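These are my notebook entries on one structure. I set down what I looked up, entry by entry.

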2 protein chains.
Amino acid sequence: MINIAVLGYGTVGSGVVEIISGNRDNIKKRTGGKEISVKYVLDKKDFPGNPIQDKVVHDYDVILNDPEVKIVVEVMGGVEPAYTYVKQALLKGKSVVTSNKELVAAHGPELLAISKENKLNFLFEASVGGGIPIIRPLNQSLTADEIEEISGILNGTTNYVLSKMTKEGSSFHTVLKEAQDLGYAERDPSADVDGHDACRKIAILSSLAFGMHVDFKDIYTEGIANISDIDIKYAKEIGGHIKLLATSEKIGDQVLAMVAPMIVKPDNPLYSVNDVFNAIFVRGRYIGDVMFYGSGAGKLPTASSVVSDVVDAAKHIGTNIMTIWSSKKLDLCDVKRAKHQFLVRVATDDEEETKKQVTGLFGVVRQVRAGIDGEFAFITNDIEEGEFKEKSRQLGGVINRIRIKA
Amino acid sequence: MINIAVLGYGTVGSGVVEIISGNRDNIKKRTGGKEISVKYVLDKKDFPGNPIQDKVVHDYDVILNDPEVKIVVEVMGGVEPAYTYVKQALLKGKSVVTSNKELVAAHGPELLAISKENKLNFLFEASVGGGIPIIRPLNQSLTADEIEEISGILNGTTNYVLSKMTKEGSSFHTVLKEAQDLGYAERDPSADVDGHDACRKIAILSSLAFGMHVDFKDIYTEGIANISDIDIKYAKEIGGHIKLLATSEKIGDQVLAMVAPMIVKPDNPLYSVNDVFNAIFVRGRYIGDVMFYGSGAGKLPTASSVVSDVVDAAKHIGTNIMTIWSSKKLDLCDVKRAKHQFLVRVATDDEEETKKQVTGLFGVVRQVRAGIDGEFAFITNDIEEGEFKEKSRQLGGVINRIRIKA
């Protein structure tokens, strides 16, 4: 019997308790005969009438000081007090499983180092991609390979909004409102819409893929609030879908990471990933292209990932499962050096004149028509971000520009 | 330093040697500092001038009797002598990594039991899905869940042929010939085309997903040789693609497994898996739908999977990585009980009369038109295979019938 404590009885926490009790036999088989039992649930609230009511504690010290608790499941979210609690648990000899991307992105290397030193485990499969197994495959399956790129659709809310805009031609604000009413988007949607959520997740994936610490604060991040129904129309015109991509790729010795809406073409497997689904695309030197697809959020998918980590922690009491993520910081490539094609929309009242100016600045480009009056749209050749920015400034009148995923 | 021996210096074997020497530093980091070194290559041939020439042996006993060899990599293919060699290696205390689906499907439970008893490992990630990590996720990531369905496009050759027929409208024989010329299909393509390859792979996946032994000989298997360009036309007409699917799903307490060409609709993520790519779709009670996508074959992707198993075996010398696949046989559901919708094409010279007969037998059905003279095509309601077969016999004149994936 292995006793665990669950910190936070919200959506994910209650899902964890539900799966552990509902799938007892299967889990026992998977741990090699050890039963997993929830001894405590830490929450500010009480839950009278709920089967866990007798397990609720309000004082974390009860958990910390109980030597019977071998694994702490942190599903509160946010950096504090999660960070303090997790660190204390590890220092007390308890393994930790978390679904908390803010915590992992901010303090991953330190918590991994402490767990290694103390022959414990700090596992975080559910912090990226909800139910999709991606952290363990990166750690244990793609080990023979050298990863060249890892890109993903890592935020379900924005993917839902963009998919719906693409399908129905509706505006960003109409669809966001709908998503909020359906509970797919928060009342304050900025963490999703502005790309901060995807940014933390790609920081975690890049750190694991390249073995050094990628600080999420260094990643260029652009959200989807500026994407209009007209942008989507143009994207369709060139056979693409606009997706909020979080990408990270090796350019020589450096890594280029960014989060931005990009036009994805049908030959990329991320093209068909719609609605609230997430997917992570990995390109390895030997393995070629691999993609992992599934529910990126949701109570039970996320809780299922958490419980699979609990099973792994239970199987590895006393042994650290190696994770290569050193605290040495990875120097990211300056985003100005990133090369893309851009789809550019420019306001004009004289198409011929604008075309002349565009050609003068960008060379011969491909014009795109989507039946919109008063603007001239075109696709640049491959151009560095820095150079593009300067030339756009010279051109003037740019309504929007969207990167095209190579 | 961990010494290994590679049995078979063919496509995969040479890929394994290439990755181990080309990615030495990365692999050393992943094993926690242990270097992997190829001490022997067993092959009938010599390879003069090849860097491995001094490692080639023709007598397996040299490998078996060398206590320095800790891991044997079997990439010869076929059941014998692979089975004898692998069993001998395990009994001599050596872990085994294999890419050999015939071997794993035929003798998996026995070899797993021997390896468990002797605190060794028998790993076979590359036996299904080439470079796609699927065996380890099934074993270690989806452990908190109860798998309800596992289905896949598990054979690259047939997927290439069907994709090409769909894209170009060409006939089966034209495309197969092209695939043979390009090296995507064997001169004797029957193992692929008749579904035997996919059958062994779904037997392995089902055994791992449901924890009991699924005998590949019990799985109803139908290939793609009867799929014509006209079938593809009808499938398109109803918005689907024909794919050779290997599926296995829980129906009550039983498991229904089959390999057959099926019409897949766009809401299924397998719909967009084209060309030589493979994908495995998993539906879990908690996790929902997950899909793993990548190169299902090819020298380096497959070899990369093999080497990731070698790394895992090297990290776990002296400890067995638990795999739940008991030798107890899983009773498969009688395929007659399987329920599908079918697309049916019937020869006719009197459409109205045929329609009347069809309605009399199958009830009101949906007629499908694809501009083909002399036939009447329709989609049945959900119907059991057994009942369908009997009614089709009564109807007579059936040109082809294709299952529609629910």
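Entry 1, a helix pair. I take a crossing as left-handed if the near helix is turned anticlockwise from the far one by less than a right angle, and as right-handed if clockwise. By that rule, H7(A) passes H8(A) in a right-handed crossing. I worked on a predicted model, in which local features need pLDDT of at least 70 and side-chain atom pairs count only at pLDDT 80 or more, while totals for chains, interfaces and linings use all residues. Residues are numbered from 1 along each chain as its sequence is written, chains are lettered from A and ligands numbered from 1 in the order in which they are written.

Helices (H or I, at least four residues) and strands (E, at least two) are DSSP runs, numbered from the N terminus. I found that the axes of helix H7 (residues 156-168) and helix H8 (residues 172-182) of chain A come within 9 Å and cross at roughly 130°. H7(A) is therefore oblique to H8(A). Axes are lines fitted to C-alpha atoms, for helices over the stretch in contact, and angles run from 0 to 180 degrees between N-to-C directions; under 35 degrees counts as roughly parallel, over 145 as roughly antiparallel, 65 to 115 as roughly perpendicular and the rest as oblique.

I then listed the contacts (C-beta atoms, placed from the backbone, within 7 Å). A:Thr157, A:Tyr160, A:Val161, A:Lys164 and A:Met165 in H7(A) meet A:Phe172, A:Val175, A:Leu176 and A:Ala179 in H8(A).

Entry 2, a sheet in chain B. I read an open sheet of six strands with parallel pairing, in the order S3-S2-S1-S4-S5-S6. Its edge strands, S3 (56-57) and S6 (122-123) of chain B, each pair on one side only. Strands pair if DSSP finds at least two bridges between them. S4 (residues 69-74) and S5 (residues 95-98) of chain B pair in the parallel sense over four bridges, and B:Val72 has B:Val96 in S5(B) as its bridge partner.

I noted twelve residues of domain 2 of chain A in contact with eleven of domain 3 of chain A. H11(A) gives the most to the domain 2 side, with five residues.

I counted 43 residues from chain B and 43 residues from chain A in the contact. Strand S12 (residues 288-295) of chain A and S12(B) run antiparallel, joined by five bridges. There A:Phe292 has B:Phe292 in S12(B) as its bridge partner.

Conventions:
Contact = placed C-beta atoms within 7 Å.
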